[in-house]
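Here are some exercises to work through with the model open beside you. Try each task before you read its solution.

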Amino acid sequence: MTTSLLPEGLRDRLPPQAETAAAMLRAALDAIRAHGYERVAPPLAEYEESLAGRLKAGTARDLLRVVDPLSQRTLALRPDITTQVGRIAATRLAHRPRPLRLSYGGPVVKLRASQLRPEREMTQIGAELIGHDSAAAAAEIVALSVEALSAAGAKGITVDLTLPDLVETLAAGPLPLGETAQVRALLDAKDAGGLASIGADAWLPLIEVAGAVPEAIARLRAFDRSGALTSRIAGLEAVAARLEGLATVTLDPTERHGFEYQSWLGFSLFAEGLTGEIGRGGAYTILHGDGREEPAIGFSIYPDPLLDVLASEAAPRRLFLPLDHDAAAAARLRGEGWITVAALSEACSGAGCSHVLVGDTLKPR
């Protein structure tokens with residue numbers, strides 16, 4: 001028999017991973033919805049020129065494209081839902097009062113996988129707060145990302161904060177420098193020797209700022225003698241205060257990789273037992289058709305790495321119902337969260353069930 005192979009980076013989800021994935025999505029979105037975020041559901045594909053125009057240059061090159069047989073135009077499968085939500089906010093929901101709170105969840109498809117994440121199809125869950133990017137908005141979004149990730153099943157969550165526009169802010173004031181791109185790259189790489197070699201010694205103390213909050217914030221405040229970072233430091237403190245008791249919080253203000261389009265705040269999410277980040281977010285702007293830029297802040301989490309962990313930890317709650325079972329008792333138990341599997345003949349054994357219903361009583365198998 002010939003085995004049908006799937007494209008590289010795509011896979012079937014079998015029990016119990018498929019059920020776990022659905023439960024994770026539902027739990028995370030329910031947690032977000034409880035804070036007033038309304039769900040939107042953009043399409044999986046859009047016209048290439050429309051989708052590519054809203055993506056970062058690097059991401060736009062990685063679009064998986066197909067030709068639409070109806071219009072004969074090129075379609076692109078979305079690699080990210082955030083930009084689609086921005087389009088909706090700037091067009092279909094432009095008339096809605098701000099702040100606008102939107103949530104989403106669904107699959108995204110990438111042209112290429114990475115060594116760290118070999119999957120090309122992933123689940124993306126997130127929320128966007130549109131119309132504000134203040135410290136209060138940042139504290140709400142970062143705390144919500146932790147709550148959603150926790151609801152999805154993650155434990156031991158760490159939030160790593162960064163200031164994506166740090167170099168531009170300082171270069172425009174107390175530390176003027178002709179070539180900021182090189183300084184950004186060297187700070188991101190923590191390359192003290194490189195900074196010294198281009199005469200950027202004044203930037204060296206920033207390499208030592210990274211660490212646990214509030215110690216790292218204290219070092220950043222000591223570095224900021226001119227006060228150019230006062231508002232950003234206040235924002236970091238507001239976020240850290242909101243996360244107290246919810247997550248471990250660290251600060252690396254020069255981290256730039258992956259935050260190319262964020263403005264004053266960016267953050268990465270990590271969870272115990274998982275390699276690499278499981279989500280990220282930050283402040284950014286949405287471009288309207290009239291050229292106006294609107295502030296926004298949001299997050300995206302990619303919970304797929306949790307699947308294997310949660311699927312293996314899930315306790316079986318499957319109940320076998322014999323042919324002569326009590327239907328009322330079975331309905332009551334389903335209401336209590338049990339999954340029931342009914343016999344179709346005398347030969348049914350109820351394989352995979354942890355309990356059997358005898359009369360109106362549960363009995364272990």
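Two strands pair if DSSP finds at least two bridges between them; helices (H or I, at least four residues) and strands (E, at least two) are DSSP runs, numbered from the N terminus. The model is predicted, so local features need pLDDT of at least 70 and side-chain atom pairs count only at pLDDT 80 or more, while totals for chains, interfaces and linings use all residues. Residues are numbered from 1 along each chain as its sequence is written, and side-chain values use heavy atoms, with hydrogens and water left out.

**Exercise 1.** Work out the strand order of the open sheet of 9 strands, then find its edges.

*Solution.* Start with the order: β1-β5-β6-β12-β11-β10-β7-β9-β8, with mixed pairing. Next, look for strands that pair on one side only: these are the edge strands, β1 (38-39) and β8 (211-212). Now zoom in on β1: 2 bridges join β1 to β5 (residues 100-109), and the two run parallel.

**Exercise 2.** Check the span of helix α1 (residues 17-33), then decide which residues are buried and which are exposed.

*Solution.* Take the span first. Then sort by accessibility (buried is under 20% relative accessible area, exposed over 50%, partly exposed in between, with a 1.4 Å probe and protein chains only). T20, A21, M24, A28, L29, A31 and I32 of α1 come out buried. Down the axis of α1, these buried residues fall within an arc of 155° (taken from the directions from the helix axis to the C-beta atoms), so they line one face of the helix. On the other side of α1, E19 and R33 are exposed.

**Exercise 3.** Which residues line the second largest cavity, and which element gives the largest share?

*Solution.* Settle the term first: on a 1 Å grid over the protein atoms alone, a cavity is a set of points where a 1.4 Å probe fits but cannot get out, and lining residues have an atom within 4 Å of a point. The lining here is A21, M24, L25, T123, P303, D304 and L307. Finally, trace the share: α1 supplies the largest, with 3 residues.

Definitions and conventions. The expected span of a helix is 1.5 Å times one less than its number of residues. On a 1 Å grid over the protein atoms alone, a cavity is a set of points where a 1.4 Å probe fits but cannot get out, and a pocket is an open set with protein on both sides within 12 Å along at least five of seven lines; lining residues have an atom within 4 Å of a point.
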